[in-house]
Amino acid sequence: MSAVVTGELVASAMFLATLGLVMAGFPVAFTLAGSGLIFAGIGWGLGAFDVAILNGLASRYYGIMTNEVLVAVPLFVFMGVMLERSRIAQMLLTTMGQLFGSLRGGLGLSVIVVGTLLAASTGIVGATVVTMGLLSLPAMRRAHYCPRLASGIICASGTLGQIIPPSAVLIFMGDLLQGANAQAQLAMGNFAPMPLSVGQLFAGALIPGLSLVGLYMAWVIAKAIFHPTSCPPLVMTAAERAGLGRRVLFALIPPLALIVAVLGSILSGLATPTESASVGAMGAILLAALNRRLDRAVLHEVMRSTLTISSMVFTILIGASVFSLVFRGLGGEHVVEEVLGSMPGGQLGSVIVVMLLMFLLGFFLDTFEIMFIMVPIACPVLIKLGVDPLWLGVAIGINLQTSFITPPFGFSLFYLRGVARDQVSTLDIYRGIVPFVALQLVAIVILWMFPSMATWLPDRVFGSPGPIAAPVAIDAPATGSGGPDGAAGDGDFGGLFGGSAAPSAPAPGADAPFGALFGDPPADPGETTAPDQGADGFGTLFGDPPAPAPDPGGGDFGPLFR
């Protein structure tokens, strides 16, 4: 058996073993790094792996530490935790519930609206679900809401922070897709790829995220029309109605101002996402101070929570970098290309297979675990097949959102179960979330049918996309919707899969690094020629040709932030 075939078999075994260990409950970060090193040793013993490849870990870790994009993660986490401690969510839930509560389904609509506002200002799923479970669930049960409907609304609304920017998931997704896009473009002969920024991904996710909110609200309205006993109106006293308009105004202004300051500065180009994250963190401190919720104890608790959450995520990222490096060194990338390239339906079939696998993994794994494992492996292949990387990132973001609400291990379900006590049963929670999981799948289908939902706003804000290399043919049986010559793009989804489709061009000054997992350290701003970005992960080992100098305005600190 040749070394190539042996390496591919070892890579496949490593992937399956890693999934099994993670599902068995072993710590994700150490499982990813440990399995990578163990199978690297196995591959080396069988003559299928060159241990010199592991020298690339140093540049990857250095790239993570010096990546300005990832600085936004702890800042956004700090902002979310501080806002949760400032009791803005409590004020919003109380006033919005009273505002819409007199309507059938009004309490449910108010929870969705508050979930949307909290998603755009905090993005902390656990805190949002717990807060809404403590405040909204008792009110909905007192109003005789169906326990399944109430549970589904709270769990689904609490997860909107994963797709509505600013979102830590989208930040890591943008960073990973930068590396995947650069790797794919270099494989297609484009040595000056247009980097995909996190700012573009934020803009691309905004319309699909709000569309998902619209689907949730449409479902509640449909239940109010066709099954009115499941969501009756809330009976309010005259004292509760007194001064309601003023209370709603005072409850809405703080989070709306913070949303405008953070998202508005990003979309307008006034600040990078990292800079806007720092503005959001300071804004959250000011709001907590205005609500008289800021003291040394609160600040200590918020900083401790921020450190814990950020450390957990970055440790997984470091472990995932070992896994992806070893996987590619064993030839696993070629296995993925062969499998996806041989799928019936061509590009369409390949995307469906990847999305279906991510959806199924969501029943057992967390969002970050799936993202750090699957995106570096599958996305470069899909991009080489002609899939728009911006659309792909948004679609994966919506898909991964289901991992929070799919039984038996959806974290939102556990959060609600922990605070619901005897108000709803576990079976009610599981049954109540099913329609909302279906709505998320419908949202992906709608995004598939109308790909401009993810690409229109980035093109308007950051400029039209530029030309890229044509998709490469993968050595596999050509079937499905590909063109006569095997090129991508013929068919009903040309705007999404077309061979001429290009990733959205960043604004002048968009950051150059192509992802912490794939790229070498960022170039020195004074250099006139861009260094090797390590798009294949092993640039310093195998001598990839250096990329040409970027267009004027390129750099690491552009107005897009990502």
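Predicted model: local features only at pLDDT ≥ 70, side-chain atom pairs only at ≥ 80, totals over all residues.

Biologist: Fine. How many helices and strands are there in the chain?

Modeller: The chain has 23 helices and 0 strands, taken as DSSP runs numbered from the N terminus (helices are H or I, at least four residues; strands are E, at least two).

Biologist: And what percentage of the residues count as buried?

Modeller: 57% of the 562 residues. Buried means under 20% relative accessible area, exposed over 50%, partly exposed in between, with a 1.4 Å probe and protein chains only.

Biologist: Which residues have the most contacts inside the largest nonpolar core?

Modeller: Phe172, Met371 and Phe372, in a core of 154 residues. Such a core is a set of buried Ala, Val, Leu, Ile, Met, Phe, Trp, Tyr and Cys residues joined through side-chain atoms within 4.5 Å. Helix H17 (residues 367-384) gives the largest share of this core, 13 residues.

Biologist: What does Phe372 touch, beyond four places away in sequence?

Modeller: Phe172, Leu176, Val313, Ile316, Leu317 and Ala320, with contact meaning heavy atoms within 4.5 Å.

Biologist: Switching to helices: how do H16 and H17 cross?

Modeller: The axes of H16 (residues 347-361) and H17 come within 11 Å and cross at roughly 175 degrees. Residues making the contact include Val354 and Leu357 of H16 and Met374 and Ala378 of H17.

Biologist: OK, the serines. Is Ser151 buried or exposed?

Modeller: Ser151 counts as buried because its relative accessibility is 0%. Ser151 belongs to helix H8 (residues 147-158), and leaving aside neighbours within four places in sequence, it contacts Leu416, Val424, Asp428 and Ile429.

Biologist: And where is Ser230 found?

Modeller: In the loop between helix H10 (198-226) and helix H11 (238-241). Ser230 counts as buried too, at 2% relative accessibility.

Biologist: What lies 2.7 Å from a polar atom of its side chain?

Modeller: The backbone oxygen of His227. Not counting residues up to four places away in sequence, Ser230 also touches His144, Tyr145, Cys146, Leu149 and Lys223.

Technical notes
Residues numbered from 1 in each chain as written. Heavy atoms only, no water. Axes fitted to C-alpha atoms, helices over the stretch in contact; angles between N-to-C directions. Polar contact = N/O pair within 3.5 Å; in protein donor to acceptor, adjacent residues only side chain to side chain.
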